[in-house]
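These are my notebook entries on one protein chain. I set down each item as I looked it up.

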Amino acid sequence: MNKEIKLFNHTFKNPIMPASGTFGFGYEFSNYYDLNILGSIVLKGTTLEERFGNPLPRIADCPNGLLNSIGLQNPGIDKVINEELVKLKKVYNDKVIINVGGHSFEDYLKTCEKCNDVEDILAVELNISCPNVKEGGMQFGLDEEVAYKLVKEVKKVLTKPLIVKLSPNVTDIVKMAKAVEKAGADAISLINTLVGMRVDLNTKKPILAVKKGGYSGPGVYPVALRMVYDVYENVNIPIIGMGGISSANDVIEMMLAGASLVEIGSLNLVDPLGLPKIIADLDKVMVKYNINDLNSIIGLAHK
């Protein structure tokens, strides 16, 4: 059985990657399992300068998932390249995908440019869809004209493949996908979290310090699957699917809807061994459904 997926002139040993923001910079999870079983690793959201993130509390429990308002806490691109990637290299021997966020066009461009000469970075995932950063982030992902302009400018300075991560918090996800494809995106990843909130019954106030945050986990899976399906029908570039994936069955279903690769997020926070379990189960599920090559099922639900 073939689980390898070829994308960006690179061979992924399987389609499974941890989603940005739920796996740190990767090396922490090497205490639990050999990271080299993963298809790749999507690094924690990285900005030009160091960010502390949002005030506490910034996590809230939800039915079938969780809310987060971390706010892209990270040490800045220079430290990520010179320190975090060096640590990861000691326990992981493949290339990674870096997730880049920003407050302005200039931020995005400068951060992306710094990735060009880093051999261990395979591609850049442009985060224009973060719902818990007050400035920048999602505002770039809610307006198709702004998204188009940003992607167009990034493509002028970036020499790596560009993946654009889309927000589900829009009226028409297909319009956004077509806009970033037209601007030159090499792939699309979706979905980011849905905007949500919780209220503490004792204090009578929102649980999160910034009131609203991103809802993720199994509860968003049907929404994510539908959006991947819709986007696949309207673009000609690869899709990386994510949103509530928690089993090998979910992976297969997401690929049938049109995803070439998948990212798995919230599961890592609930079960640090979740990804190796899914990778191990993938063979069994492929046998059960008579799948010899994962490439053959990408988008098959449309045929």
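Predicted model: local features only at pLDDT ≥ 70, side-chain atom pairs only at ≥ 80, totals over all residues.

**Entry 1. A term to settle.** I call a residue buried when its relative accessible area is under 20%.

**Entry 2. The whole chain.** I looked up the secondary structure and found 8 helices and 13 strands. I then asked how the radius of gyration of the chain agrees with that of a compact globule. For 303 residues a compact globule would have a radius near 19 Å, and the chain has 18 Å, which agrees. The C-alpha trace spans about 50 × 50 × 40 Å along its principal axes. Of the 303 residues, 57% count as buried.

I next looked at contacts between residues with a separation of 6 or more, and 73% of these join residues 24 or more positions apart. The accessible surface comes to about 13,100 Å². Carbon and sulfur atoms account for 50% of that surface. The chain carries 33 positive and 35 negative charges, and their mean positions are 3 Å apart.

**Entry 3. Helix H6.** I turned to helix H6, which covers residues 248–257. How many of its 10 residues are buried? I recorded 7, and H6 is thus mostly covered. The buried residues are Ala248, Asp250, Val251, Ile252, Met254, Met255 and Ala257.

An α-helix has 3.6 residues a turn, so residues three or four places apart point the same way. In H6, Val251 and Met254 are both on the buried list.

I then looked up what lies over these residues. The cover includes strands E1 (5–7), E3 (16–18), E12 (239–242) and E13 (261–264). It also includes helices H5 (221–232) and H8 (274–288). After H6 comes Gly258, with a positive phi near 135°.

Entry 4. Is Leu225 buried or exposed? Its relative accessibility is 16%, so Leu225 counts as buried. Leaving aside neighbours within four places in sequence, I found Leu225 in contact with Glu253, Met254 and Ala257. Met254 and Ala257 are among the buried residues of H6. I also compared Leu225 with Ile278: the two are 53 residues apart in sequence, and their C-alpha atoms are 18 Å apart.

**Entry 5. Val42.** I moved to the loop between E3 and E4, where Val42 lies. Val42 has a relative accessible area of 0% and is therefore buried. Which residues does Val42 touch, not counting those up to four places away in sequence? I listed Met17, Pro18, Ala19, Ser20, Ile97, Asn99, Glu125 and Glu263. Val42 and Leu294 are 252 residues apart in sequence, and 21 Å separates their C-alpha atoms.

**Entry 6. Backbone exceptions.** Most residues other than glycine have a negative phi, and most peptide bonds are trans.

For phi, I noted Phe8, which is not glycine and has a positive value near 60°. Phe8 lies in the loop between E1 and strand E2 (10–12). With a relative accessible area of 17%, Phe8 is buried. Leu72, the residue of my first entry, also has a positive phi, near 55°. Leu72 is found in the loop between strand E5 (65–68) and helix H1 (77–89).

For the peptide bond, I noted that Leu56 and Pro57 are joined by a cis bond with omega about -5°. Pro57 lies in the loop between E3 and strand E4 (59–62), and Val42 is placed in the loop between E3 and E4 as well. The bond from Leu190 to Ile191 is also cis, with omega near 10°. Ile191 is in the loop between strand E9 (187–190) and strand E10 (194–196).

**Entry 7. Ser167.** Where does Ser167 lie? I placed Ser167 in the loop between strand E8 (162–165) and helix H4 (173–182). Its relative accessibility is 1%, so Ser167 counts as buried. A polar atom of the Ser167 side chain lies 2.9 Å from the backbone nitrogen of Asn169.

Conventions:
Residues numbered from 1 in each chain as written. Heavy atoms only, no water. Helix = DSSP H or I, 4+ residues; strand = E, 2+ residues; numbered from the N terminus. Rg over C-alpha atoms; globule rule 2.2 N^0.38 Å. Buried < 20%, exposed > 50% of the residue type's maximum accessible area, 1.4 Å probe, protein only. Contact = heavy atoms within 4.5 Å. Areas by Shrake-Rupley, 256 points an atom, 1.4 Å probe, with all protein chains shown as cover. Lys, Arg positive; Asp, Glu negative; His and termini not counted. Charge placed at Lys NZ, Arg CZ, Asp CG, Glu CD. Polar contact = N/O pair within 3.5 Å; in protein donor to acceptor, adjacent residues only side chain to side chain.
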